[in-house]
Amino acid sequence: MFKCGVCGYIHEGDAAPKVCPKCGAPQEKFTQLSEEGANLVEKSRVTNDIYVQLLANLESVIVLAEEGREEDLDPPCNKLFDEIKKSAIEYRQSIKAELQGHMNKGKWG
Ligand SMILES: [Zn+2]
């Protein structure tokens with residue numbers, strides 16, 4: 001893997017690209033990642049992908065909780081659906097904040 005020294009773009013291959021596809025920096029700006037660095041990028045990709053899947057699932061949870069609330073069966077059910085929706089929204093915000101942190105630290109493949 002080769003990393004652009006200007007924007008942090010990661011290129012996979014035997015050699016760095018002629019120009020960075022993201023920022024247009026020349027090939028000389030790229031450095032080859034160590035094996036340790038490449039492993040970290042790979043791990044970050046897997047983790048980020050899991051977060052993205054969790055976000056999609058949390059959206060489903062929110063929609064279901066809203067549907068449950070609309071049925072308006074009884075106060076305990078309404079309370080539970082409200083709590084589920086609130087928790088799902090909180091998790092969603094936490095995941096977005098974590099992903100934003102990864103991007104700021106360059107942990108985004
Ligand atoms: Zn770049």
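Gly-68 is buried, with a relative accessible area of 11% (buried means under 20%, exposed over 50%, and partly exposed in between, using a 1.4 Å probe and protein chains only). The model is predicted: local features need pLDDT of at least 70, side-chain atom pairs count only at pLDDT 80 or more, and totals for chains, interfaces and linings use all residues. Residues are numbered from 1 along each chain as its sequence is written, and side-chain values use heavy atoms, with hydrogens and water left out.

**Domains**
- The chain is divided into domain 1 (1–33) and domain 2 (41–109), with bounds from an automatic or database domain assignment.
- The C-alpha centres of domain 1 and domain 2 lie 34 Å apart.

**Helix α1**
- Glu-71 is found in helix α1, which covers residues 35–71 (helices are DSSP runs of H or I with at least four residues, numbered from the N terminus).
- Gly-68 also lies in helix α1, and its C-alpha atom is separated by 38 Å from that of Asn-104, 36 residues apart along the chain.
- Leu-54 is found in helix α1 and counts as partly exposed, at 39% relative accessibility.

**Surface patches**
- Glu-67, Glu-70, Glu-71 and Asp-72 gather in a patch of negative charge on the surface (patch residues have over 30% relative accessible area and no salt bridge, with like charges joined within 9 Å and nonpolar side chains within 5 Å; a salt bridge is a side-chain nitrogen of Lys or Arg within 4 Å of a carboxyl oxygen of Asp or Glu).
- Within this patch, Glu-71 is exposed, with a relative accessible area of 63%.
- Val-46, Ile-50 and Leu-54 form a nonpolar patch on the surface, with about 250 Å² of accessible area together (by the Shrake-Rupley method with a 1.4 Å probe).

How values were computed. Lys and Arg count as positive and Asp and Glu as negative; His and the chain ends are not counted. The place of a charge is taken as NZ of Lys, CZ of Arg, CG of Asp or CD of Glu. Helices (H or I, at least four residues) and strands (E, at least two) are DSSP runs, numbered from the N terminus.
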